[in-house]
Amino acid sequence: MNALRSAVALTVSALCCAGCGADVEPHITASNPVVGAVPGDSAAVYVELENSGGDDALIGATCDCDAEISLHVTEDLDGISIMTGADRLDVPTGSTLELDPGGSHLMVQDLQSPLTAGSTIDITLHFERSEDLSVTVPVVPLEDLAERIEN
Amino acid sequence: MADTEGNLVRNVAIGLAVVAVVLGGLAFVASGNDTSAPGWRGRVLPEAETEPDFTLTDTSGDPFNLIEDTTGDLTLLMFGYTNCPDICPISLGTLKAALDDLGADVANRVDMVFVTADPDRDTPERLRTYLDGYSTDFIGLRGTAEQTEQAQDLANVPRAQLEDADADGEYAVGHATQIIAYQNDGVARIVYPFGTRAEDWKIDLPRLLAGEHPSA
(Lines give C-alpha, C1' and ligand atoms only; values in the text may rest on other atoms or scores of the structure.)
Protein backbone atom coordinates (compact mmCIF):
# COMPACT_ATOMS: atom_id res chain seq x y z
CA MET A 1 0.00 0.00 0.00
CA ASN A 2 2.85 2.31 0.96
CA ALA A 3 4.65 1.30 -2.24
CA LEU A 4 1.54 2.12 -4.25
CA ARG A 5 1.23 5.50 -2.54
CA SER A 6 4.89 6.24 -3.24
CA ALA A 7 4.49 5.25 -6.89
CA VAL A 8 1.47 7.53 -7.28
CA ALA A 9 3.32 10.38 -5.58
CA LEU A 10 6.34 9.89 -7.83
CA THR A 11 4.19 9.82 -10.95
CA VAL A 12 2.30 12.95 -9.92
CA SER A 13 5.53 14.80 -9.14
CA ALA A 14 7.07 13.67 -12.44
CA LEU A 15 4.03 14.93 -14.35
CA CYS A 16 4.15 18.23 -12.43
CA CYS A 17 7.84 18.61 -13.18
CA ALA A 18 7.37 17.89 -16.88
CA GLY A 19 4.52 20.39 -16.95
CA CYS A 20 6.62 23.03 -15.20
CA GLY A 21 9.47 22.59 -17.73
CA ALA A 22 7.17 23.24 -20.65
CA ASP A 23 5.14 26.07 -19.07
CA VAL A 24 7.92 28.14 -17.55
CA GLU A 25 9.93 30.44 -19.76
CA PRO A 26 13.42 29.06 -20.34
CA HIS A 27 16.33 31.11 -19.07
CA ILE A 28 19.61 30.18 -20.69
CA THR A 29 23.03 31.61 -19.96
CA ALA A 30 26.24 30.77 -21.81
CA SER A 31 29.61 30.41 -20.10
CA ASN A 32 33.16 29.36 -20.94
CA PRO A 33 32.85 29.69 -24.73
CA VAL A 34 36.00 28.78 -26.61
CA VAL A 35 37.25 27.78 -30.06
CA GLY A 36 40.68 26.48 -31.05
CA ALA A 37 43.11 28.36 -33.26
CA VAL A 38 42.80 25.86 -36.11
CA PRO A 39 45.00 26.35 -39.15
CA GLY A 40 42.47 24.48 -41.30
CA ASP A 41 38.98 25.44 -42.39
CA SER A 42 37.04 23.34 -39.84
CA ALA A 43 36.82 24.16 -36.15
CA ALA A 44 34.62 23.42 -33.16
CA VAL A 45 33.09 25.87 -30.71
CA TYR A 46 32.64 24.65 -27.16
CA VAL A 47 30.38 26.34 -24.61
CA GLU A 48 28.33 25.56 -21.52
CA LEU A 49 24.61 26.42 -21.62
CA GLU A 50 22.85 26.55 -18.26
CA ASN A 51 19.08 26.60 -18.21
CA SER A 52 17.53 27.89 -14.98
CA GLY A 53 14.05 28.13 -16.58
CA GLY A 54 11.77 25.81 -18.51
CA ASP A 55 12.70 23.22 -21.15
CA ASP A 56 14.39 24.40 -24.32
CA ALA A 57 16.63 23.15 -27.09
CA LEU A 58 19.54 24.55 -29.07
CA ILE A 59 18.49 24.29 -32.71
CA GLY A 60 21.27 26.07 -34.54
CA ALA A 61 23.91 28.79 -34.63
CA THR A 62 25.27 31.39 -36.99
CA CYS A 63 28.61 33.14 -37.10
CA ASP A 64 29.95 36.55 -38.07
CA CYS A 65 33.03 34.74 -39.41
CA ASP A 66 31.56 33.91 -42.81
CA ALA A 67 31.34 30.20 -42.08
CA GLU A 68 28.63 27.62 -41.67
CA ILE A 69 27.85 26.28 -38.20
CA SER A 70 26.10 23.00 -37.49
CA LEU A 71 25.34 21.00 -34.37
CA HIS A 72 27.32 17.80 -33.90
CA VAL A 73 27.39 15.03 -31.39
CA THR A 74 30.56 12.97 -31.02
CA GLU A 75 30.43 9.58 -29.40
CA ASP A 76 33.03 6.95 -28.79
CA LEU A 77 31.79 3.65 -30.18
CA ASP A 78 33.95 0.53 -30.15
CA GLY A 79 37.17 2.51 -30.16
CA ILE A 80 36.31 4.98 -32.88
CA SER A 81 35.07 8.50 -32.49
CA ILE A 82 31.83 8.89 -34.44
CA MET A 83 30.54 12.38 -35.16
CA THR A 84 26.97 12.82 -36.32
CA GLY A 85 24.94 15.87 -37.20
CA ALA A 86 22.07 16.84 -34.88
CA ASP A 87 18.97 18.94 -35.54
CA ARG A 88 18.69 19.90 -31.90
CA LEU A 89 20.44 19.56 -28.59
CA ASP A 90 18.02 19.53 -25.66
CA VAL A 91 18.60 21.87 -22.72
CA PRO A 92 16.01 20.62 -20.21
CA THR A 93 14.89 22.66 -17.26
CA GLY A 94 17.50 23.00 -14.54
CA SER A 95 20.25 21.41 -16.64
CA THR A 96 23.55 22.45 -18.17
CA LEU A 97 24.36 21.39 -21.71
CA GLU A 98 28.13 21.05 -21.91
CA LEU A 99 29.68 21.23 -25.35
CA ASP A 100 33.20 19.89 -24.85
CA PRO A 101 36.14 18.56 -26.88
CA GLY A 102 35.45 15.00 -27.93
CA GLY A 103 31.73 15.47 -27.23
CA SER A 104 28.93 17.60 -28.61
CA HIS A 105 30.08 20.79 -30.30
CA LEU A 106 29.21 23.50 -32.78
CA MET A 107 31.07 22.61 -35.95
CA VAL A 108 32.33 25.59 -37.91
CA GLN A 109 32.89 24.73 -41.56
CA ASP A 110 34.37 26.49 -44.55
CA LEU A 111 36.27 29.10 -42.58
CA GLN A 112 37.61 31.63 -45.04
CA SER A 113 40.70 32.40 -42.96
CA PRO A 114 42.44 30.61 -40.11
CA LEU A 115 41.43 31.49 -36.56
CA THR A 116 44.17 33.30 -34.66
CA ALA A 117 44.77 32.78 -30.95
CA GLY A 118 43.96 35.94 -29.01
CA SER A 119 41.19 37.02 -31.37
CA THR A 120 37.46 36.38 -30.98
CA ILE A 121 34.52 35.35 -33.14
CA ASP A 122 30.92 36.31 -32.49
CA ILE A 123 28.27 33.64 -32.79
CA THR A 124 24.53 33.71 -32.30
CA LEU A 125 22.80 30.72 -30.77
CA HIS A 126 19.24 29.89 -31.85
CA PHE A 127 16.85 28.12 -29.52
CA GLU A 128 13.49 26.48 -29.88
CA ARG A 129 11.89 28.81 -27.32
CA SER A 130 14.42 31.36 -26.06
CA GLU A 131 15.43 34.51 -27.88
CA ASP A 132 18.69 34.38 -29.82
CA LEU A 133 21.76 34.52 -27.61
CA SER A 134 24.91 36.32 -28.81
CA VAL A 135 28.19 34.91 -27.56
CA THR A 136 31.71 36.25 -28.06
CA VAL A 137 34.02 33.27 -28.36
CA PRO A 138 37.73 33.65 -27.57
CA VAL A 139 40.13 31.85 -29.91
CA VAL A 140 42.70 29.90 -27.87
CA PRO A 141 45.75 27.77 -28.70
CA LEU A 142 44.74 24.18 -29.50
CA GLU A 143 46.88 22.81 -26.69
CA ASP A 144 44.73 24.76 -24.21
CA LEU A 145 41.71 22.73 -25.34
CA ALA A 146 43.48 19.49 -24.42
CA GLU A 147 43.40 20.76 -20.84
CA ARG A 148 39.57 20.75 -20.96
CA ILE A 149 39.33 17.08 -21.86
CA GLU A 150 38.53 14.70 -19.06
CA ASN A 151 40.27 11.37 -19.47
CA MET B 1 37.99 10.85 35.04
CA ALA B 2 38.98 7.45 33.86
CA ASP B 3 35.79 7.37 31.83
CA THR B 4 36.58 10.77 30.29
CA GLU B 5 40.06 9.64 29.36
CA GLY B 6 38.62 6.43 27.97
CA ASN B 7 36.14 8.42 25.91
CA LEU B 8 38.91 10.69 24.69
CA VAL B 9 41.05 7.75 23.62
CA ARG B 10 38.05 6.12 21.99
CA ASN B 11 37.11 9.32 20.16
CA VAL B 12 40.65 9.86 18.92
CA ALA B 13 40.78 6.24 17.77
CA ILE B 14 37.47 6.61 15.95
CA GLY B 15 38.63 9.90 14.43
CA LEU B 16 41.85 8.32 13.17
CA ALA B 17 39.92 5.37 11.78
CA VAL B 18 37.58 7.73 9.91
CA VAL B 19 40.56 9.67 8.50
CA ALA B 20 42.19 6.39 7.43
CA VAL B 21 39.01 5.23 5.71
CA VAL B 22 38.60 8.57 3.92
CA LEU B 23 42.24 8.63 2.81
CA GLY B 24 41.99 5.00 1.70
CA GLY B 25 38.87 5.82 -0.27
CA LEU B 26 40.53 8.79 -1.93
CA ALA B 27 43.55 6.66 -2.84
CA PHE B 28 41.23 4.02 -4.27
CA VAL B 29 39.34 6.60 -6.34
CA ALA B 30 42.60 8.13 -7.58
CA SER B 31 44.04 4.75 -8.59
CA GLY B 32 40.73 3.81 -10.21
CA ASN B 33 40.97 6.79 -12.53
CA ASP B 34 44.58 6.17 -13.46
CA THR B 35 44.79 3.63 -16.28
CA SER B 36 48.41 4.37 -17.16
CA ALA B 37 51.42 2.59 -15.77
CA PRO B 38 53.31 4.50 -13.08
CA GLY B 39 55.30 7.36 -14.51
CA TRP B 40 54.06 7.11 -18.10
CA ARG B 41 51.49 9.61 -19.29
CA GLY B 42 50.25 7.57 -22.25
CA ARG B 43 48.34 4.30 -22.10
CA VAL B 44 50.77 1.39 -21.93
CA LEU B 45 49.66 -1.44 -24.20
CA PRO B 46 49.01 -4.80 -22.57
CA GLU B 47 50.94 -6.37 -25.44
CA ALA B 48 53.60 -4.67 -27.54
CA GLU B 49 52.71 -4.15 -31.21
CA THR B 50 54.99 -4.36 -34.24
CA GLU B 51 55.27 -1.34 -36.52
CA PRO B 52 53.02 -2.02 -39.51
CA ASP B 53 54.76 -2.63 -42.82
CA PHE B 54 52.50 -0.69 -45.16
CA THR B 55 53.27 1.50 -48.14
CA LEU B 56 51.02 4.44 -48.99
CA THR B 57 51.59 7.61 -51.00
CA ASP B 58 53.04 10.75 -49.47
CA THR B 59 51.97 14.30 -50.28
CA SER B 60 54.64 14.55 -52.98
CA GLY B 61 53.12 11.58 -54.76
CA ASP B 62 55.95 9.21 -53.85
CA PRO B 63 55.52 5.76 -52.27
CA PHE B 64 56.17 5.88 -48.54
CA ASN B 65 56.83 2.80 -46.43
CA LEU B 66 56.18 3.39 -42.76
CA ILE B 67 59.20 1.36 -41.63
CA GLU B 68 61.75 2.16 -44.32
CA ASP B 69 60.99 5.80 -45.02
CA THR B 70 60.69 7.21 -41.52
CA THR B 71 64.07 8.57 -40.48
CA GLY B 72 63.63 9.53 -36.83
CA ASP B 73 63.98 7.49 -33.68
CA LEU B 74 60.27 7.58 -32.90
CA THR B 75 57.32 7.25 -35.27
CA LEU B 76 53.96 8.60 -34.16
CA LEU B 77 51.02 7.29 -36.21
CA MET B 78 47.48 8.67 -36.33
CA PHE B 79 44.50 8.19 -38.63
CA GLY B 80 42.25 11.22 -39.22
CA TYR B 81 40.90 13.55 -41.89
CA THR B 82 41.27 17.18 -42.79
CA ASN B 83 37.59 18.12 -42.35
CA CYS B 84 37.81 16.92 -38.75
CA PRO B 85 36.83 19.88 -36.54
CA ASP B 86 37.36 18.45 -33.09
CA ILE B 87 39.69 15.51 -32.48
CA CYS B 88 42.41 16.00 -35.13
CA PRO B 89 43.12 19.73 -34.61
CA ILE B 90 43.45 19.34 -30.84
CA SER B 91 45.64 16.23 -31.19
CA LEU B 92 47.97 17.70 -33.82
CA GLY B 93 48.07 21.19 -32.30
CA THR B 94 48.87 19.87 -28.84
CA LEU B 95 51.64 17.61 -30.12
CA LYS B 96 53.13 20.48 -32.13
CA ALA B 97 53.10 22.76 -29.08
CA ALA B 98 54.93 20.10 -27.08
CA LEU B 99 57.53 19.57 -29.83
CA ASP B 100 58.11 23.33 -30.02
CA ASP B 101 58.70 23.47 -26.28
CA LEU B 102 61.02 20.46 -26.34
CA GLY B 103 63.13 22.01 -29.09
CA ALA B 104 64.71 20.85 -32.31
CA ASP B 105 66.91 18.19 -30.68
CA VAL B 106 63.80 16.25 -29.79
CA ALA B 107 61.47 17.33 -32.60
CA ASN B 108 63.97 16.33 -35.31
CA ARG B 109 63.99 12.76 -34.00
CA VAL B 110 60.21 12.38 -34.14
CA ASP B 111 58.29 11.45 -37.30
CA MET B 112 54.61 12.36 -37.00
CA VAL B 113 52.69 10.40 -39.63
CA PHE B 114 49.07 11.35 -40.33
CA VAL B 115 47.20 8.90 -42.55
CA THR B 116 43.97 10.23 -44.00
CA ALA B 117 40.93 8.07 -43.38
CA ASP B 118 39.11 10.10 -46.04
CA PRO B 119 41.19 9.68 -49.20
CA ASP B 120 38.34 10.76 -51.50
CA ARG B 121 38.27 14.33 -50.19
CA ASP B 122 41.81 14.60 -48.88
CA THR B 123 43.82 15.15 -52.03
CA PRO B 124 47.60 15.24 -51.59
CA GLU B 125 47.50 19.03 -51.94
CA ARG B 126 44.75 19.44 -49.33
CA LEU B 127 46.52 17.07 -46.97
CA ARG B 128 49.81 18.95 -47.35
CA THR B 129 48.22 22.36 -46.80
CA TYR B 130 46.37 21.04 -43.77
CA LEU B 131 49.45 19.53 -42.12
CA ASP B 132 51.60 22.57 -42.95
CA GLY B 133 49.23 24.52 -40.73
CA TYR B 134 50.67 22.51 -37.86
CA SER B 135 54.15 21.60 -39.03
CA THR B 136 55.86 21.28 -42.38
CA ASP B 137 57.63 18.28 -40.85
CA PHE B 138 54.44 16.30 -40.30
CA ILE B 139 54.15 13.48 -42.85
CA GLY B 140 50.84 13.01 -44.68
CA LEU B 141 49.96 9.67 -46.26
CA ARG B 142 47.09 8.64 -48.47
CA GLY B 143 46.02 5.40 -50.09
CA THR B 144 43.06 3.87 -51.83
CA ALA B 145 40.10 2.99 -49.64
CA GLU B 146 41.33 -0.61 -49.58
CA GLN B 147 44.92 0.36 -48.72
CA THR B 148 43.66 2.63 -45.96
CA GLU B 149 41.64 -0.20 -44.44
CA GLN B 150 44.64 -2.52 -44.64
CA ALA B 151 46.83 0.09 -42.95
CA GLN B 152 44.34 0.40 -40.10
CA ASP B 153 44.15 -3.37 -39.74
CA LEU B 154 47.94 -3.63 -39.60
CA ALA B 155 48.10 -0.82 -37.04
CA ASN B 156 45.52 -2.70 -34.99
CA VAL B 157 43.02 0.16 -34.87
CA PRO B 158 39.32 -0.08 -35.76
CA ARG B 159 38.54 0.83 -39.36
CA ALA B 160 37.19 4.32 -39.95
CA GLN B 161 33.52 4.68 -40.81
CA LEU B 162 32.35 7.20 -43.38
CA GLU B 163 28.91 8.70 -42.77
CA ASP B 164 26.46 9.02 -45.65
CA ALA B 165 26.83 12.36 -47.40
CA ASP B 166 24.21 15.04 -46.72
CA ALA B 167 22.51 17.16 -49.39
CA ASP B 168 25.65 19.33 -49.68
CA GLY B 169 27.87 16.30 -50.10
CA GLU B 170 29.34 16.79 -46.61
CA TYR B 171 29.97 13.81 -44.38
CA ALA B 172 31.75 13.04 -41.16
CA VAL B 173 34.31 10.30 -40.67
CA GLY B 174 34.42 8.21 -37.51
CA HIS B 175 37.99 7.24 -36.79
CA ALA B 176 40.32 5.88 -34.12
CA THR B 177 41.72 8.78 -32.11
CA GLN B 178 44.84 7.42 -30.47
CA ILE B 179 48.38 8.25 -31.56
CA ILE B 180 50.57 5.13 -31.60
CA ALA B 181 54.26 5.49 -30.70
CA TYR B 182 56.71 3.12 -32.43
CA GLN B 183 60.21 3.21 -31.01
CA ASN B 184 63.35 2.66 -33.08
CA ASP B 185 63.24 -1.08 -32.51
CA GLY B 186 59.99 -1.08 -34.52
CA VAL B 187 57.77 -1.78 -31.53
CA ALA B 188 54.93 0.20 -29.95
CA ARG B 189 54.44 -0.29 -26.24
CA ILE B 190 52.36 2.82 -25.60
CA VAL B 191 49.60 4.85 -27.25
CA TYR B 192 48.35 8.36 -26.58
CA PRO B 193 44.56 8.75 -26.37
CA PHE B 194 42.63 11.86 -27.34
CA GLY B 195 43.07 14.33 -24.52
CA THR B 196 46.81 13.83 -24.10
CA ARG B 197 48.14 17.18 -22.91
CA ALA B 198 51.26 19.00 -24.03
CA GLU B 199 52.72 18.37 -20.55
CA ASP B 200 52.15 14.64 -21.02
CA TRP B 201 54.02 14.60 -24.32
CA LYS B 202 56.84 16.67 -22.82
CA ILE B 203 57.35 14.07 -20.12
CA ASP B 204 57.07 10.94 -22.27
CA LEU B 205 58.77 11.88 -25.57
CA PRO B 206 62.28 12.37 -24.14
CA ARG B 207 61.98 9.09 -22.26
CA LEU B 208 60.87 7.20 -25.36
CA LEU B 209 63.71 8.74 -27.36
CA ALA B 210 66.16 7.77 -24.63
CA GLY B 211 65.19 4.16 -25.28
CA GLU B 212 63.12 3.56 -22.17
CA HIS B 213 60.55 0.86 -22.80
CA PRO B 214 57.12 1.43 -21.25
CA SER B 215 55.76 -1.62 -19.50
CA ALA B 216 52.53 -2.19 -17.65
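Which residue stands opposite B:Val115 in E6(B)? It's B:Leu141. Keep in mind that this is a predicted model.

**The sheet in chain B**

That pair belongs to a bit of parallel pairing: strand E5 (residues 110-116) and strand E6 (residues 139-142) of chain B are joined by three bridges. Zoom out and you'll find both strands in an open, eight-stranded sheet, ordered E1-E10-E9-E4-E5-E6-E2-E3 in chain B, where the pairing is mixed. The edges are taken by strand E1 (43-50) and strand E3 (63-65) of chain B; each has a single partner strand, so one side of each is left without a neighbour in the sheet. Ignoring direction, neighbouring strands of this sheet are turned against each other by 35 degrees on average.

| Helix | Lies across | Angle |
|---|---|---|
| H4 of chain B (residues 124-132) | E5 and E6 of chain B | about 155 degrees to E6(B) |
| H5 of chain B (residues 145-154) | strand E2 (55-58), strand E4 (74-80) and E5 of chain B | about 120 degrees to E2(B) |

E5 of chain B turns up in both rows, lying under H4 as well as under H5.

**Where the chains meet**

Now for the interface. On the chain A side, 29 residues are in contact with 30 residues of chain B. Together the two chains bury about 2,300 Å², and carbon and sulfur atoms give 57% of that area.

How many salt bridges does the rule find across the interface of chain A and chain B? It finds two. One pairs B:Arg126 with A:Asp41, whose closest N and O atoms are 3.2 Å apart.

Which parts of chain A do the touching? Strand E2 (43-51), strand E5 (80-86), strand E8 (105-109) and helix H2 (142-146) of chain A each supply at least two residues. E5(A) gives the largest share, with six residues. Sorted by class, the side of chain A that touches chain B has 14 nonpolar, eleven polar and four charged residues.

E5(A) also pairs across the chain boundary: two bridges join E5(A) to strand E8 (residues 173-176) of chain B, and these strands run antiparallel. Look for A:Ser81 there, as its bridge partner in E8(B) is B:His175.

Technical notes:
Residues are numbered from 1 along each chain as its sequence is written. Chains are lettered from A and ligands numbered from 1 in the order in which they are written. This is a predicted model: local features need pLDDT of at least 70, side-chain atom pairs count only at pLDDT 80 or more; totals for chains, interfaces and linings use all residues. Side-chain values use heavy atoms; hydrogens and water are left out. Contact means heavy atoms within 4.5 Å. Buried area is the accessible area (1.4 Å probe) that two parts lose on being put together, summed over both. A salt bridge is a side-chain nitrogen of Lys or Arg within 4 Å of a carboxyl oxygen of Asp or Glu. Helices (H or I, at least four residues) and strands (E, at least two) are DSSP runs, numbered from the N terminus. Ala, Val, Leu, Ile, Met, Phe, Trp, Tyr, Cys and Pro count as nonpolar, Asp, Glu, Lys and Arg as charged, and the others, Gly among them, as polar. Two strands pair if DSSP finds at least two bridges between them. Axes are lines fitted to C-alpha atoms, for helices over the stretch in contact, and angles run from 0 to 180 degrees between N-to-C directions.
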